[in-house]
Amino acid sequence: MTFCPSCGAERKEGSKYCHNCGYDFGNVGAEENSNSNSNAQVTQNSIPNVQSENSYTFSKILGYICAILIPLFGIIFGIYLITRDEENAKKHGKLIIGLSIVIWFISFMAMSM
């Protein structure tokens, strides 16, 4: 398994360009042949740049706070989290939107009494 030296995305088999950043793998083949004698050596370019699971922690916390205090902003944070690639962020985005709607409904009912 190889990775893009520019962005760290996984390189698809036989691809000429990186699907993530468009990096041209044309000159990577020459580099791979020169490095074939040192397979045990790990270079910085061979390690993927992976986002940690806590990369959206601030957005999640702020989303829950806004869902309780200002439901409209909670919905906005929920939509932001749903559009991220991380499954955990998507799950929290759905929960924040649901909480925002419930709080909004409760506050609407309390005001109409």
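Look at where helix α2 meets helix α4: K60, G63, Y64, A67 and I68 in α2 touch N88, A89, H92, L95, I96, L99, S100 and I103 in α4. "Touch" here means contact, that is, heavy atoms within 4.5 Å. By class, this α2–α4 contact has eight nonpolar, four polar and one charged residues. Ala, Val, Leu, Ile, Met, Phe, Trp, Tyr, Cys and Pro count as nonpolar, Asp, Glu, Lys and Arg as charged, and the others, Gly among them, as polar.

Keep in mind that this is a predicted model, where local features need pLDDT of at least 70, side-chain atom pairs count only at pLDDT 80 or more, and totals for chains, interfaces and linings use all residues. Residues are numbered from 1 along each chain as its sequence is written, and side-chain values use heavy atoms, with hydrogens and water left out.

Now for the overall layout. The protein chain has four helices and zero strands, in the order α-α-α-α. Helices (H or I, at least four residues) and strands (E, at least two) are DSSP runs, numbered from the N terminus.

How do you describe two packed helices? You give the angle between their axes and the distance between the axes. Axes are lines fitted to C-alpha atoms, for helices over the stretch in contact, and angles run from 0 to 180 degrees between N-to-C directions. The axes of α2 and α4 (residues 87–112) come within 8 Å and cross at roughly 10 degrees, which makes α2 roughly parallel to α4. The axes of α2 (residues 57–69) and α3 (residues 71–82) come within 6 Å and cross at roughly 150 degrees, so α2 and α3 are roughly antiparallel. Angles under 35 degrees count as roughly parallel, over 145 as roughly antiparallel, 65 to 115 as roughly perpendicular and the rest as oblique.

On the α2 side, the residues that meet α3 include S59, C66 and A67; on the α3 side, F77, Y80 and L81 are among them. S59 lies in α2 and is buried, with a relative accessible area of 13%. Buried means under 20% relative accessible area, exposed over 50%, partly exposed in between (1.4 Å probe, protein chains only). Leaving aside neighbours within four places in sequence, S59 contacts F77, Y80 and L81.

Which residues make up the largest nonpolar core? The five are Y56, A67, L81, A89 and I96. Such a core is a set of buried Ala, Val, Leu, Ile, Met, Phe, Trp, Tyr and Cys residues joined through side-chain atoms within 4.5 Å.
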